[in-house]
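Here is a short briefing on one protein structure. Look over the sequence and the 3D view first, then read the points below.

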Amino acid sequence: MGNLFSADNSVALLLPQALESGGDAVAYPWLAPLPDALGEVEGYAKTSDAHQAAMRASMQAPGDGALLGAALAALAPGVRAVVRWGDLADGVAAKLPPLVGAFAAEAKALVAKKALVEGGAPPAATAALLELLEFLLAFDGAKLVTPCIQNEFAFIKRAAQKDPGATAAILDSNRAPAVSMFIAQASPMLAAAAGAVDAPGAKALGALAAGCAQALQGKKLGDGAASKCCRAMVAALVLVD
């Protein structure tokens with residue numbers, strides 16, 4: 001990993017405190033929407049049966065404007081959520097490089113000190129990066145097992161092609177292609193983040209994954225911290241693969 005992340009396990013030393021502190025919403029306010037987005041994608045399937053019924057009714061009577069309107073009304077909240085997720089992915093791609101750089105700086109400072117200062121401030125960038133990585137993996141895992149998301153978005157797109165006015169309040173036609181490409185990917189959040197990782201970022205994320213593995217092998221993390229560390233490690237490896 002080079003001189004920055006040498007064998008003195010500086011990254012592994014950062015992890016316990018970072019895992020305990022969690023992401024700092026003050027220092028990194030863009031982390032705030034992540035739990036809501038995860039809740040949306042995890043809960044999406046709960047409304048699928050009703051949505052599918054409305055879609056089928058409309059498709060069976062293609063000339064019935066009332067049935068189309070009912071289907072669009074049922075699908076609108078979910079489609080708006082998909083658009084928000086696309087915006088969030090763009091934000092993640094923009095914020096990831098400086099966050100990884102800040103994590104690297106924390107690790108470099110720890111190499112110089114050789115140990116965390118007792119009572120010192122928690123490593124905020126490391127904590128935020130762990131939280132983001134955990135979110136990326138969880139979001140895409142939930143999306144992967146919820147095929148109705150893509151099906152419902154496709155229904156809206158088809159309706160927009162036939163009657164743009166009917167869907168204008170739900171989906172901006174200018175943004176539809178980009179959102180469609182986003183949601184068509186198996187792992188859209190990870191894909192967006194991976195596209196923002198440059199060579200130094202890949203090196204730092206690789207070091208984070210190695211530090212996570214070392215911390216897990218040490219068996220000093222609690223169950224919750226170990227689980228989070230493992231998920232962050234997997235996400236980091238996906239981003240640099």
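This is a predicted model: local features need pLDDT of at least 70, side-chain atom pairs count only at pLDDT 80 or more; totals for chains, interfaces and linings use all residues.

Residues are numbered from 1 along each chain as its sequence is written, and side-chain values use heavy atoms, with hydrogens and water left out.

- Two packed helices are described by the angle between their axes and the distance between the axes.
- Helices (H or I, at least four residues) are DSSP runs, numbered from the N terminus.
- Axes are lines fitted to C-alpha atoms, for helices over the stretch in contact, and angles run from 0 to 180 degrees between N-to-C directions.
- Helix α1 spans residues 10-21 and helix α5 spans residues 124-144; their axes lie 8 Å apart, at an angle of about 65°.
- That angle makes α1 roughly perpendicular to α5 (65 to 115 degrees; under 35 is roughly parallel, over 145 roughly antiparallel, and the rest oblique).
- The α1 and α5 crossing is right-handed (the near helix is turned clockwise from the far one by less than a right angle; anticlockwise is left-handed).
- From α1, L14, L15, A18, L19 and S21 meet T126, A127 and L130 of α5.
- Six residues of this α1 and α5 contact are nonpolar, two are polar and none is charged.
- Ala, Val, Leu, Ile, Met, Phe, Trp, Tyr, Cys and Pro count as nonpolar; Asp, Glu, Lys and Arg count as charged; the others, Gly among them, count as polar.

**Helix α3 against helix α6**

- Helix α6 (residues 148-162) packs with α3 at an angle of about 30°, and the axes are 11 Å apart.
- That makes α3 roughly parallel to α6.
- The crossing of α3 and α6 is left-handed.
- On the α3 side, the contact uses S48, H51, Q52, M55, S58 and M59; on the α6 side, it uses C148, N151, E152, F155 and R158.
- The α3 and α6 contact residues divide into four nonpolar, five polar and two charged.

**Two buried residues**

- S48 sits in helix α3, which covers residues 48-60.
- S48 is buried, at 12% relative accessible area (buried is under 20%, exposed over 50%, partly exposed in between; 1.4 Å probe, protein chains only).
- Beyond its neighbours within four places in sequence, S48 is in contact with C148 and E152 (contact means heavy atoms within 4.5 Å).
- V179 belongs to helix α8, residues 176-184.
- V179 is buried too, with a relative accessible area of 4%.
- Neighbours within four places in sequence aside, V179 is in contact with V82, V83 and F153.
- V179 and G86 are 93 residues apart along the chain, yet their C-alpha atoms are separated by 6.0 Å.

**Cysteines**

- How many disulfides are there? The count is zero, where a disulfide is a pair of cysteine sulfur atoms within 2.5 Å.
- The closest cysteine sulfur to that of C212 is in C229, 3.6 Å away, so it is too far for a bond.
- C212 is buried, at 0% relative accessibility.
- C148 is buried as well, at 6%.

**A loop residue**

- K219 lies in the loop between α10 (199-218) and α11 (223-240).
- K219 is exposed, at 74% relative accessibility.
- Phi of K219 is near 55°, a positive value in a residue other than glycine.
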